[in-house]
Amino acid sequence: MSLVLKFRRLGSIVRKSTNVLFGKHLMVTNVALSVGLSTFGDAIQQRYSKGIGGHWDVRQSGHMGAAGASVGWCCHHWYNYLDNVLPGRSSRILIKKILVDQVIFSPIIILVFFVTVGVLERETFASITSEFVEKGKKLYTAEWFIWPPAQFVNFYFVPTRFRVLYDNTISLGFDIYTSSVKYGSTYHSRSPTGFELVALEGNDEK
């Protein structure tokens, strides 16, 4: 088989796979992407904060992945709804979409995140509310620096079915920050017996 035919066959496989994943099974794909990248982002944050040889808290990463599932499901339906309510790519429509997304949907997603993780960690209603108010403000403030320009690209250039994929690609770095805000961070220092992990602000004991 010639090299050209091999590339054509590979291209055909990629197109068929894309049509299946981002067509018939789009919601499953979006949720799976959100789970995977939220889990990966938390793992990176733990590796960075705890240092080489630090213990990886699999349960924590699992909780972040579950929150990713909730957020991914919401984003899947939100983008479809937003395109139906505000169709088009004119300057006025783009501004409306970005503002609605940031002012209305962003706080909802932050709430979904804290509720999902809080329920999994058996936190009290008061604890979840407190975290949403205190830590949610940090996340929401940071989002204003990242998502308006990112969503301009998303709403103008990216087809609806690829928007959650784009979101997750951009938000990998933000997922690391989200994990740091939620769980705090640690630094490590060399001692005669190895690495000693010391908790920093934000890593509250339950």
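## Overall layout

Along the sequence, the protein runs α-α-α-α-α-α-β-β. That makes six helices and two strands. The model is predicted. Of the 206 residues, 38% count as buried. Among contacts between residues at least 6 apart in sequence, 69% join residues at least 24 apart.

## Confidence

The mean pLDDT of the protein is 83, and 82% of the residues score at least 70. Among the elements, helix α4 has the highest mean, 96. Strand β2, residues 194-199, has the lowest, 35.

Over residues 186-206 the pLDDT is below 50. This stretch still has 38 contacts in the model beyond near neighbours in sequence. Where pLDDT is low, predicted coordinates should not be read in detail.

## Aromatic pairs

How many aromatic pairs does the count come to? The count is eight. A pair of aromatic rings is described by two values: the distance of the centres and the angle of the planes.

Take W78 and F105. Their ring centres are 4.5 Å apart and their planes are at 5°; planes under 30 degrees apart count as stacked, so this pair is stacked. The pair links distant parts of the chain. W78 is in helix α3, residues 58-85, and F105 is in helix α4, residues 91-120. The two are 27 residues apart. Are W78 and F105 buried or exposed? Both are buried. Ring pairs also bring in Y81, linking W78, Y81 and F105 into a cluster.

F152 and Y156 form another pair. Their centres are 6.0 Å apart and their planes are at 0°, so these rings are stacked too. Here both partners lie in helix α5, residues 125-157. They are four residues apart, which means a separation of about one helical turn. An α-helix has 3.6 residues a turn, so residues three or four places apart point the same way. F152 is partly exposed, at 38% relative accessibility. Y156 is partly exposed as well, at 31%.

## Charges over rings

R89 lies over the face of the Y156 ring, 4.9 Å from the ring centre. In another case, the charged end of K182 sits over the ring of Y183. The distance from the Y183 ring centre is 5.6 Å.

Helix α2 covers residues 26-50. At 1.5 Å a residue, its 25 residues should span 36 Å. The buried residues of α2 include T29, N30, S34, S38, G41, D42, Q45 and Q46. Its buried residues also include K50.

S38 belongs to this helix. Why does S38 count as buried? Its relative accessibility is 9%, and buried means under 20%. Beyond its neighbours within four places in sequence, S38 is in contact with M64, G65, G68 and D175.

M64 lies in helix α3. M64 is buried, with a relative accessible area of 4%. Leaving aside neighbours within four places, M64 is in contact with S38, D42, F113, D175, T178, S179 and Y183. M64 and S34 are 30 residues apart along the chain, and their C-alpha atoms are separated by 9.8 Å.

In an unreviewed entry, UniProt lists residues 98-120 as "transmembrane region". In the model this segment is 100% helix and 0% strand. The C-alpha atoms at its ends are 31 Å apart.

V115 lies in helix α4. At 34% relative accessibility, V115 counts as partly exposed. V115 and A67 are 48 residues apart along the chain, yet their C-alpha atoms are separated by 8.5 Å.

R122 lies in the loop between α4 and α5. Most residues other than glycine have a negative phi. R122 is not a glycine, but its phi is positive, at about 55°. R122 is exposed, with a relative accessible area of 78%.

How values were computed: Residues numbered from 1 in each chain as written. Predicted model: local features only at pLDDT ≥ 70, side-chain atom pairs only at ≥ 80, totals over all residues. Heavy atoms only, no water. Phe/Tyr/Trp six-rings, centres within 6.5 Å; stacked < 30°, edge-to-face > 60°. Buried < 20%, exposed > 50% of the residue type's maximum accessible area, 1.4 Å probe, protein only. Lys NZ or Arg CZ within 6 Å of the ring centre and 35° of its normal. pLDDT = per-residue confidence, 0-100. Contact = heavy atoms within 4.5 Å. UniProt positions renumbered as here; feature names shortened; annotations may be inferred. Expected span 1.5 Å × (residues − 1).
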